[in-house]
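Hi,

Here's the structure I said I'd pass along. Have a look, and my notes on it follow below.

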Amino acid sequence: MESLEDFRARARAWLAATGAPEVPSDPDARFAVLSRWQKTLSDAGWLGLAWSREAGGGGLTHAHQLVFVEELVRARAPQPVGLIGLEVVGPSIDRYGTDRQRRELLPRMLSGEDIWCQGFSEPDAGSDLASLRTRAVADGEDYVVSGQKIWTSWAHEAQWCALLVRTDPTVRKQAGISYLLVDMTSPGIAARPIRQMTGDREFCEVFLDEVRVPRRNLLGDENDGWTIATHTLGSERGAATLRRRVELEVALEDAVGELRAHGVAGARARAAVGRAQVAMRVLDAQTRQTTARLVADAGPTPLDSVDKLVLNDVEQTVFAEIAGLLGALRAVPGARPGGLRSDRWAREHLYSRAASIYGGSAQIQRTIVAERLLGLPRG
């Protein structure tokens with residue numbers, strides 16, 4: 001197997017020779033550019049590096065995957081558009097899927113031919129995933145699914161959805177959940193984008209009205225969806241934490257570079273950068289443990305919730321400190337207070353506010369830490 005040093009050098013050389021695409025601000029144009037970028041990465045063999053070769057992946061280690069993520073970010077190249085499939089859903093299909101599911105779904109996920117969304121959260125369940133109400137009733141060779149999901153990223157663009165449904169309402173909450181792989185072109189599905197305060201609209205509401213899903217699209221066993229969902233969420237939190245650590249480091253480097261180029265070195269700027277740097281050192285220390293768990297393929301653990309909580313706080317701290325230096329000009333498009341680009345840093349700050357909600361709210365993560373790590377009683 002290729003050493004990490006040789007792999008890093010090869011990745012760095014390829015990224016330098018290929019060059020990163022310019023990413024437009026318009027959401028639809030951005031989606032198209034990032035879709036083409038994913039195809040470029042996939043054709044060159046840079047995606048799914050830790051997936052099995054049978055699934056179309058590279059058959060390498062998680063350490064190789066982390067190295068490429070680092071090099072991609074440091075090259076200021078964008079992430080592919082299909083991260084939900086690549087980082088979140090794909091690893092679970094690779095582990096729990098049938099040969100047919102892996103063979104038919106994963107190569108198209110890698111290439112970006114099929115974009116995936118994640119139908120977990122519901123408006124009536126809040127962040128308590130086990131309280132989901134979307135029902136799936138067996139009917140011959142199909143399940144008939146009805147319900148509603150929310151905060152479903154890219155659902156209006158996705159071809160497939162990893163959907164959690166309740167298949168047995170008579171047992172305890174976690175025991176009656178199943179995990180379905182749903183074709184988003186199925187009759188009865190409607191996806192409605194939700195515009196955020198950043199102006200983006202990748203989040204969606206999804207309505208399911210008697211949608212027929214073939215039984216062969218069940219991932220794992222019926223009523224065992226909670227186990228698989230735990231794996232999915234563990235993959236999401238671990239991968240996102242490690243990727244965001246590098247992205248935040250690079251963002252802070254960019255902000256410092258803009259301040260230096262403008263000759264800004266006052267006490268206020270130094271203090272803000274210092275606080276952001278301290279936060280980054282905390283995240284760096286935390287992600288050393290995350291990396292060790294991911295490389296060891298330790299599987300889901302309550303420590304994933306610690307990762308998520310630390311990432312929430314650090315991401316919001318870093319962008320709040322940078323945005324604080326913009327002053328009132330943060331609301332002026334094209335302004336450059338102190339050399340900082342108001343368009344970029346104001347948007348980053350607004351988006352960071354969602355960090356304590358997406359991927360599992362901070363309140364739920366604290367509950368998991370309290371009960372499963374600290375052994376505190378419920379309530």
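Helix 10 covers residues 362-373, 12 residues in total. From its first C-alpha to its last it reaches 15 Å, close to the 16 Å expected at 1.5 Å a residue. Bear in mind that this is a predicted model. The buried residues of helix 10 are Ala 362, Gln 365, Ile 368, Val 369 and Ala 370. Just after the helix comes Gly 375, with a positive phi of about 70°.

In general, nonpolar side chains in soluble globular proteins tend to be buried together. Here, the largest nonpolar core has 63 residues, and strand 4 (residues 160-166) gives the largest share of this core, with six residues. Phe 68, Val 89, Val 145, Tyr 179 and Leu 180 have the most contacts inside it. Take Val 89: leaving out residues up to four places away in sequence, Val 89 touches Ile 84, Met 109, Trp 116, Ala 162 and Tyr 179. Another core, of 24 residues, lies apart from that one, and its members include Ala 255, Leu 311, Ala 323 and Trp 345.

One more spot to look at is Thr 134, in the loop between strand 1 (116-119) and strand 2 (135-139). Is Thr 134 buried or exposed? Its relative accessible area is 0%, so Thr 134 counts as buried, the cut-off being under 20%. The side chains of Thr 134 and Glu 122 are joined by a polar contact of 2.7 Å.

Cheers

Notes
Residues are numbered from 1 along each chain as its sequence is written. This is a predicted model: local features need pLDDT of at least 70, side-chain atom pairs count only at pLDDT 80 or more; totals for chains, interfaces and linings use all residues. Side-chain values use heavy atoms; hydrogens and water are left out. A nonpolar core is a set of buried Ala, Val, Leu, Ile, Met, Phe, Trp, Tyr and Cys residues joined through side-chain atoms within 4.5 Å. Buried means under 20% relative accessible area, exposed over 50%, partly exposed in between (1.4 Å probe, protein chains only). Helices (H or I, at least four residues) and strands (E, at least two) are DSSP runs, numbered from the N terminus. Contact means heavy atoms within 4.5 Å. A polar contact is a pair of N or O atoms within 3.5 Å; within protein, one must be able to donate a hydrogen and the other to accept it, and residues adjacent in sequence count only if both atoms are side-chain atoms. The expected span of a helix is 1.5 Å times one less than its number of residues.
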